[in-house]
Each structure stands twice: as C-alpha cells, then as structure tokens.
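Visitor: I would like a close look at one part of this molecule. Could you take me through the sheet beside the ligand, and then show me how the rest of the chain is laid out?

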Amino acid sequence: MNTQLHFPSPPACPARVARRPACVHPCAAPVACATLRARKADRGDPIPTTEPLKRPRRAPRKIKPAAAPVAEVTFEPLKTERLTLRPLKPDDAESMHRLINDWEVTRTLAEVPYPYPRSLADEWIETTIEELAAGDAWHLAITGHEGEREMLIGVVGLRLDKSGRTGRLGYWVGRAYWRHGVATEAAKRLTSWAFANLPLDLITAEVTEGNEPSRAVLRRIGFRQVGIGMRASVTTGQEHMVTVFEATRDDVFGRIEPPKPEPAPPADDAKPMLLVVACALVDIDQRVLLARRPEGKKMAGLWEFPGGKIRPGETPEAALIRELKEEIGIDVAATCLAPFAFASHDYGTFHLLMPLFICRRWKGTPTPLENQTLTWVRATKLTDYEMPPADKPLIPLLRDFL
Ligand SMILES: Nc1nc2c([nH]c(=O)n2[C@H]2C[C@H](O)[C@@H](COP(=O)(O)OP(=O)(O)OP(=O)(O)O)O2)c(=O)[nH]1
C-alpha cells in the first residue's frame, strides 16, 4: 500500500496551472440569496459561508495570555490510502497561510479574504480546535507524507446544524496538490466517518458556479445535485451562483438490498414436490362432489376432489378455476373459492402438497368431461368412498365443518 504522496513541486509559472481551485462551501439549502441571508441572520450565522477559513464567529479576544491553553482535542486521525485527516494544530498556521493565501485557491471560497492575513490562520485554527472539542464542527488538516516529513495539503470540514441531523461539508486543497484526487479522498473519508459516527440524516455542500472539479468530487462520493442558489462573497465582493448538493447515508454507502435466499442444499431423501389444487364443491343439500379417477390414470378407481396440477407461475386459484372448467365444465369466480385445508403427503417417489378450497357457488352443471364418474356425497358418507391416502386426513375436517 502506498502511504506516501509524491506530489510535484508547485509550478514555477502560475499561468500554467488550472484556474479552478477544488473547493466547496458548506451551506444550508438550495434557496435564493436573500432567503439564505434571512435564515442565517436568524440563526446568528455569518453570511456567506466558507467555514474552514473565515474569521471565528465569536468576537476575537482582545488580549490573550501568551500561554493560553488550547482546548483538549481527542480525535483519532482518519486514514486513507495516502492521506491522514487530523485535527488542526497551532503549528499548522504557517503552512496553512502559505497554501490559502493564493488567489487561485481563495477566489471561489466565498468568505476568505485575499490577501489572507497571517494572524487569521492562528485565530481560525484555534476556533476549529474548540469546535471540534465541543462536537460542533470537524475541520481537519489534510496531510500527506514525503518520507518522514508531514505536509499540510489542505483542509476538509464538516459543521453540524442546530438540530445535529444535517452537516455541511467544505474543503480546499493547496494549488500544488490539485489533480491528484486529494479532495475526493479526503471528502469521502470525512463523509463516511460522519455518517458512521454521527446521528446525521443529510450532508449538504455547495459549489461555486464553474468549479467543475468540485462538482466531480461530490458526485464521485455519491452526492446529488439538488438545486442552485446565490451566495454573496466577501472574497470577490460579488454574488455568486452556487450549485447545492446533498447526500444521505444511502447515497454514500449504498442501499441495503434484501439478502437473496440461498437455495437450500437438497436433503438426502429429497424428492420432487408436486403441487396440486383441489376443491370441495358443496351443494345446497350440504353434499360434496367427488370424482372417480378414470382408467388409465394413476390411482384409477379412487374417489377424489376435482382439481389438478398447478402449472409453473400459476396461482392455486387460477389453476383451480382452469381445472374445474376443463374437467367438469363449470365456471367459478376466485371470490367464491374459500381456502379450507391442505394435504401434505409422501407418495414415495414424490411429495404431494394440495390446498383444498371449498366452493358453494358456480355457474353450470358439473359434467364429467374426462371420463371420470361424478357423485354427490353427504359429509357423513364420505368415508364410504375409497380416496387417495393424501385425502384421508381431510375427511374428518370436512365432516366437522359441514
Ligand atoms: N385432483 C386431485 N388430485 C389428487 C387428490 N388426492 C391426491 O392424492 N391427488 C393426487 C393424484 C395425482 O397424483 C395428483 C393429481 O394429478 P393429476 O394427474 O390428476 O392432475 P391433472 O388433473 O393435472 O392430470 P393430468 O392433466 O396431468 O393428466 O394429485 C384429490 O383429491 N384431487
């Protein structure tokens, strides 16, 4: 596994590099700028957003003791194949300032001043440490290694809204490290971590118009484009059109498909299952129609309930309606078929499973169309007729019922 980054040195001529930094700004919703402003003003949030980089939201402290303790942060760094995402440290300020104080990087970050004051890097990093300790936001340094040396490459961040159910994703990458898949690798790792460890329903992200690389990053991770909005930028002093993206846990991890049932291994005594459907037709005198199996069929001479085999893809009801028409010429509606009982019998070479319906209404007169003999039998007399072994347990049930 390659854990080292081999990024090229920054190009000598700025004109040779791409003109689009990889960045997105966290945002709230795909709404027009005025609405965004109103909503954010309500919440006391500054407008517009570029969370990883803007000045701290609280009033800056005027005088800070020289050795002010930095908030304790316990956060296990997130690893990817090439990168480590870890909490920012005060020592990162200089490298961060060097990377961010670059017009090509800042120009699509709505709230990053350019030039970027060196002192702002210190203030902002301190804020990220406090917010991470409080569980409000996770702004992490994207770092790589060249040999033993750790390099700051960019920043990726996620801020929760007040409900804690929605997060806003943002990231930027130093210009020298563009086109190496860093933003995708880092944003994907933080997004996956967030959905796996926070009670999030949704993560949103915004991309400034024209920032195609950032759109591609979000799409690769699983984000969906859900709208557009306008965003005021202190960086350019103008309003920018932004595309709003969002992702759910399912978008990022994939939906859970129901497991496909594994075919059971055949048992040692496995035998074919024969599905047959049959019907006890009951007339107004509470008599049941029996049919005598004709010569030439298996079990010829035994008395049975009219019915027959269920064809592949057929429902028991459809099969029974078809068989009653074919065998005895009557029309039955599915609504007139009441499930009654079933037979399950081992015939040695096959196993019979036979649902038995009861039917009291049909059209036509039962007529033997397949050389059978038909007879109406009172329930108490059913045992006088020799029936296939599978039918025998059904007779007491019918007698009790009728
Ligand atoms: N219809 C019917 N079949 C029964 C009953 N009891 C019982 O064991 N069977 C068995 C006998 C047969 O093995 C199987 C039904 O097969 P079948 O050959 O009569 O079916 P089918 O009407 O579709 O006939 P076929 O077109 O294949 O000739 O179910 C019963 O009460 N009614």
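Guide: Happy to: what follows starts with the sheet, moves to the ligand and ends with other parts of the chain. This is a predicted model, in which local features need pLDDT of at least 70 and side-chain atom pairs count only at pLDDT 80 or more, while totals for chains, interfaces and linings use all residues. Residues are numbered from 1 along each chain as its sequence is written.

The sheet is open and has 4 strands, in the order E13-E10-E15-E14, with mixed pairing. Strands here are DSSP runs of E with at least two residues, helices are runs of H or I with at least four, and both are numbered from the N terminus. Two strands pair if DSSP finds at least two bridges between them. E13 and strand E14 (338-346) stand at the edges with a single partner strand each, so one side of each has no neighbour in the sheet. On average, neighbouring strands of this sheet are turned by 20° against each other, direction ignored. E10 and E15 run parallel and are joined by 7 bridges; alanine 278 has leucine 356 in E15 as its bridge partner. Helix H8 (residues 316-328) packs on the sheet, touching E10, E13 and E15, and its direction makes about 65° with that of E10. For such angles, axes are lines fitted to C-alpha atoms, for helices over the stretch in contact, and the values run from 0 to 180 degrees between N-to-C directions.

Now zoom in on valine 276, which lies in strand E10. Valine 276 counts as buried because it has 21 C-beta neighbours inside 10 Å. The cut-off for buried is 20 or more other C-beta atoms within 10 Å of the residue's own, against 12 or fewer for exposed and partly exposed in between, with C-beta atoms placed from the backbone. Not counting residues up to four places away in sequence, valine 276 touches Gly307, Gly308, Lys309, Ile310, Leu352 and Met354. A contact means C-beta atoms, placed from the backbone, within 7 Å. From C-alpha to C-alpha, valine 276 and glycine 308 are 5.3 Å apart in space, although 32 residues separate them in sequence.

That brings us to the ligand. There are 14 residues around the ligand, and Glu304, Gly307, Gly308, Lys309 and Pro388 come nearest. A residue is near a molecule if its C-beta atom, placed from the backbone, lies within 6 Å of it. Strand E10 (273-281), strand E13 (307-309) and strand E15 (351-359) each supply at least two residues of this shell, and E13 gives the most, with 3 residues.

Elsewhere, strands E4 (residues 137-146) and E5 (residues 149-160) pair in the antiparallel sense over 10 bridges, and threonine 143 stands opposite leucine 152 in E5. E4 and E5 form a hairpin with 2 residues between them, where glycine 147 in the turn has a positive phi of about 65°. E5 also pairs with strand E6 (residues 166-173), again antiparallel, over 7 bridges. That hairpin has 5 residues between its strands, and glycine 164 in the turn has a positive phi of about 80°.

Key. Contact = placed C-beta atoms within 7 Å.
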